[in-house]
Amino acid sequence: MRERETVLITGGSGGMGAEFAKIFAKEGFHVVLAARSEDKMKALAEKLNQKYGNSCANSVAAVSACASGQGAVSERASGQGTVSVQDSEYRVRPDPQTEGKGDLCVEYIPADLSRPGGAEALWAEVQRRGLKVDQLVNNAGAGKAGRVVDAAPEVMEGLITLNVTSLTVLCRMAGAAMAERGYGKILNISSTAGMFPDPYFNVYGPSKAYVLALTEAMKGELKGTGVTVTALCPGPVRTNWAKNAGKAYPAMAADPARVARIGFEAMQKGRLCAVPGIFTKTGTFFLTRCLPRSARVGIGAMWQRAMIRKDEKKRGSIR
Ligand SMILES: NC(=O)c1ccc[n+]([C@@H]2O[C@H](COP(=O)([O-])OP(=O)(O)OC[C@H]3O[C@@H](n4cnc5c(N)ncnc54)[C@H](OP(=O)(O)O)[C@@H]3O)[C@@H](O)[C@H]2O)c1
C-alpha cells in the first residue's frame, strides 16, 4: 500500500499557493500550509478538510490551536491515526497504514519568511509537529516596482530573504531529509523574470534567476538520490502578486489554477523546468535565444515601464 505523502507549501494562504493546496489535497496528500495570513490559511484548511477529509473535519478548531506553536506536545495512538495533544486541544494526523478520504488532513503554520531566521523557525515547527516532508513547494514570493537605486535597503533585504534565503534554507533542510530517506520532490517557483532582464523591479528578477540557478545546481547534486528538484517559471499569472508589486497584468495573464496544475505535473515527473503556456514558452524561447543581451535589456525595460504605467493609470496616480 502506498504511504500517504506530506507536502509543505509556502505561500499557501492565497494565489498559486492556494491552488497548489487544492490540487495536493485532491490528490490525497497531507497538506501543510505556511504563510503570514493565519485567517486565510485557516479558512482554506477548513474548506479542504471538509471537502476531502473526515477525520480532520472535526479538528478544525484544533488546527488553529496547533498553529500557535505554544505548549508541550504529547502523542498517543488512536484508531484513526496519531493524535497530538497540545494545551488540551488535539488534531488528527493521517495514518500511513490507511488510505482513503477519511485520513486526509490540512494544517497550517504561520510564518514570516521575509525575516532572518523565518525559514529555520518554520522548519523547527515542522520537526516539532513530527511531520515528514515528502514534497516541498517553495512558492512564497513577492516583488516591488522600482529601480535598484531608489529602493529602500530594508525592502530589498526583505525581498531577498523571502525569495532567496528562506527558499534556500528550506531546500537545504527538506532536501537533506529527503536524500537520507531516498525519496522526495522539490518545486521552486521561479519566473520568466528570472530568465529575462527585469528592470524596474529592483531585486525581483535577479532573485528569480537565483531560484532557477539553485534548482539546476541541486538537480545535478541530487542525481541518483531519489530526490528531484523542479523549477516552475510562469509568465504573468492572475493573482494578487502584481497588485502588491505595483504592476498591471497584461491581457494574456494566465489562470493560477492552470499554472499550479502544470507545476504539480512537472514536479511529479521530476522535470527540471516548466514554463507554462505556449505563448510564454515560445516568447521566452525567442527572446532568450534569438536576441543579443543588450536588446533583451532594452525590451525588458520597455515592457516593465509600460506595465507600471498601466497600473499607475488604473490607480489614478497619473493621467
Ligand atoms: N503572479 C505572477 O504573475 C507570477 C509570475 C511568476 C512567478 N510568480 C511567483 O509565484 C509565487 C506565488 O505568487 P502568487 O502569484 O501566487 O502571488 P500572491 O497571490 O501574492 O501570493 C504570494 C504568497 O506568498 C506569501 N508570502 C508573501 N510574503 C510572505 C512572507 N513574508 N512570509 C511568508 N509568506 C509570504 C503570501 O502569503 P501571506 O501574505 O499570507 O504571507 C501568499 O500566500 C511567488 O513566488 C511569485 O514570485 C508569480
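My entries below go from the sheet to the helices and then to the ligand.

I note that this is a predicted model, in which local features need pLDDT of at least 70 and side-chain atom pairs count only at pLDDT 80 or more, while totals for chains, interfaces and linings use all residues. Residues are numbered from 1 along each chain as its sequence is written.

I found an open sheet of seven strands in the order 6-2-1-7-8-9-10, with parallel pairing; strands (E, at least two residues) and helices (H or I, at least four) are DSSP runs numbered from the N terminus, and two strands pair if DSSP finds at least two bridges between them. Strand 6 (106-110) and strand 10 (273-274) stand at the edges with a single partner strand each, so one side of each has no neighbour in the sheet.

**Helices.** I looked up helix 1 and helix 8 (residues 256-269), which pack at about 60° with their axes 8 Å apart, where axes are lines fitted to C-alpha atoms over the stretch in contact and angles run from 0 to 180 degrees between N-to-C directions.

**Ligand.** Of the 29 residues around the ligand, I list Gly11, Gly15, Arg36, Ser37 and Gly141 as those that come nearest, a residue being near if its C-beta atom, placed from the backbone, lies within 6 Å. Helix 1 (15-26) and helix 7 (241-245) are the elements that give two or more residues to this shell.
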